[in-house]
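Visitor: I am new to protein models. Could you walk me through this one, feature by feature?

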Amino acid sequence: MECVQLDRGDAGFIRLVEEESGQKLSRCYQCGNCSAGCPMSFAYDYPVSRIMRLIQLGQKKTVLSSRAVWMCASCEACSTHCPNDIEVARVLDVCRHLSRREGYAGVRGARIFTDAFLQSVRWYGRSHELGLMAVYKMRSLRLLDDVELAPGMLLKGKLPLLPHRIKGRDEVAGIFRRYAEGRGRKK
Ligand code: SF4
Ligand code: SF4
């Protein structure tokens, strides 16, 4: 676990996370239940309960540049285990969005991967793994990463060559549109 150098704290950051997540962060009393049930703790720099404390202290830079907000699997085990009914997963989700919006993304390539994934879902209504990989590799210049896995996956039909367009992609496109409109109203 990493040591934290605390700064003065950013009260605006605390308010923003509370507003966007709809959660009252001061209700967290650091029982640690969320961290105990988190299946991704092994990959985090700070356990999720520590992230909650850092947000309470307004440590914007540390939180938004942490690996934890990007490695979270959104499984919601933390929300389920919280004795104070805090939607902890929602808080992590908001931090991930803020990290992306404000250019803090703490995991190399995370922003590029997220953008490529969202573009694929916007176009086809679901992700097209081969196209997603191609866009990600081109933009991140990580051309040879995991390339040895591709032949086996192609042979097993796990990487369809052509995208599958779902029937409800207009509805999916509507979600992206409403999100963009909502963000436009908040600016
Ligand atoms: S939602 Fe994220 S932080 Fe919460 S338990 Fe799942 S992986 Fe951990
Ligand atoms: S389970 Fe809830 S109260 Fe306990 S540390 Fe996590 S967020 Fe805070």
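**Around the two ligands**

Guide: Start with the shell around ligand 1, to which helix H6 (77-81) and helix H7 (88-101) each give at least two residues. Helices are DSSP runs of H or I with at least four residues, strands are runs of E with at least two, and both are numbered from the N terminus. This is a predicted model: local features need pLDDT of at least 70, side-chain atom pairs count only at pLDDT 80 or more, and totals for chains, interfaces and linings use all residues. Residues are numbered from 1 along each chain as its sequence is written, while chains are lettered from A and ligands numbered from 1 in the order in which they are written.

Visitor: Which element gives the largest share of the shell around ligand 1?

Guide: That is H7, with three residues.

Visitor: How many residues surround ligand 1, and which are the closest?

Guide: First, the rule: a residue is near a molecule if its C-beta atom, placed from the backbone, lies within 6 Å of it. Here 15 residues surround ligand 1. The closest are Cys-38, Cys-72, Cys-75, Cys-78 and Ala-89.

Visitor: How does the shell around ligand 1 divide by class?

Guide: Ala, Val, Leu, Ile, Met, Phe, Trp, Tyr, Cys and Pro count as nonpolar; Asp, Glu, Lys and Arg are charged; the others, Gly among them, are polar. The shell around ligand 1 has 12 nonpolar, two polar and one charged.

Visitor: Which residues come nearest to ligand 2?

Guide: Of 15 residues around ligand 2, the nearest are Cys-28, Cys-31, Asn-33, Cys-34 and Cys-82. Helix H2 (33-36) and helix H3 (48-56) are the elements that give two or more residues to this shell. By class, the shell around ligand 2 holds nine nonpolar, six polar and no charged residues.

Visitor: Why does Ser-74 count as partly exposed?

Guide: Count the other C-beta atoms, placed from the backbone, within 10 Å of its own: 20 or more means buried, 12 or fewer exposed, in between partly exposed. Ser-74 has 13, so it is partly exposed. Glu-76 is partly exposed because it has 16 such neighbours. Arg-100, in helix H7, is partly exposed with 17.
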